[in-house]
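Visitor: I'm new to this one. Can you walk me through it?
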Amino acid sequence: MYYFKPIVTPVGELKLVASDRGLVGILWENDDPRRTRFLPQTRHDDLPVFLAAEQQLAEYFAGKRRCFELPLDFVGTDFQKKVWQALVVIPFGETRSYSQIAREIGHPLAVRAVGAANGRNPLSIIAPCHRVIGANGKLTGFAGGLEIKAFLLALEAPQAHLALATTTQPDVS
């Protein structure tokens, strides 16, 4: 059994999905239903993991959180889980290529398989697949769309934090 709760964020409405063991998904408003399959689902707005996820996501979007502290329940193949665990440890504000992830999980020739697993990552933002870019440095596919991927990377960029800090200071002139 899975539970869900819709939340409103700066990147649109997201659907939080959880099992009894932890958060299993953060799905986009127009997510392809074939990308993840967590059925059946029952709405449960007060599930503790949802309340914690909603608060931590709000802190992330406000520039006050760099990592998440939530119980995660990855649902996928062993290979997919390896890839998704590698995503979780990419430091805030940094990026990795698909080939770097492949090497990190011990499958250096599985670059395309890493890309496919990354594309099926059900825990967007928290398992930060937006931090994975092409070897040429260009943004590549993202379930939330490339505009949102660029937004998330900009949110994490050092310049974004500097800009946020300077715009929140009172004008003393």
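Guide: Let's start with one residue. Keep in mind that this is a predicted model. Q100 sits in helix α3, which covers residues 98-104.

Visitor: New topic. How many disulfides are there?
Guide: The count is zero. A disulfide needs two cysteine sulfur atoms within 2.5 Å. For C67, the closest cysteine sulfur is in C129, 17 Å away, so that is too far for a bond.

Visitor: Which residues touch the most others in the largest nonpolar core?
Guide: L23, L57 and I125 do, in a core of 41 residues. At least two residues of this core come from each of β1 (2-9), β2 (12-18), β3, α1 (48-61), α2 (78-88), α3, α4 and α5. Helix α1 gives the most, with six residues.

Visitor: And is there a second core, and what does it include?
Guide: A second, separate core has six residues, among them Y2, V24, L27 and F38.

Visitor: Back to L23. What is it in contact with?
Guide: Setting aside neighbours within four places in sequence, the contacts of L23 include L16, V17, A18, V49, F50 and A53. L70, P71, L72, D73, L123 and I126 are also in contact with L23.

Visitor: Which residues does the cis peptide bond join?
Guide: L39 and P40, with omega about -10°. P40 lies in the loop between β3 (23-28) and β4 (41-43).

Visitor: Last one: which residues of α5 are buried?
Guide: In α5, residues 146-156, the buried ones are I148, K149, L152, L153, L155 and E156. They lie on the same side of α5, because they cover an arc of only 155° around the axis.

Visitor: Why would residues three or four places apart point the same way?
Guide: An α-helix has 3.6 residues a turn, so residues at that spacing point the same way.

How values were computed
Residues are numbered from 1 along each chain as its sequence is written. This is a predicted model: local features need pLDDT of at least 70, side-chain atom pairs count only at pLDDT 80 or more; totals for chains, interfaces and linings use all residues. Side-chain values use heavy atoms; hydrogens and water are left out. Buried means under 20% relative accessible area, exposed over 50%, partly exposed in between (1.4 Å probe, protein chains only). Helices (H or I, at least four residues) and strands (E, at least two) are DSSP runs, numbered from the N terminus. The arc is that of the directions from the helix axis to the C-beta atoms. A nonpolar core is a set of buried Ala, Val, Leu, Ile, Met, Phe, Trp, Tyr and Cys residues joined through side-chain atoms within 4.5 Å. Contact means heavy atoms within 4.5 Å.
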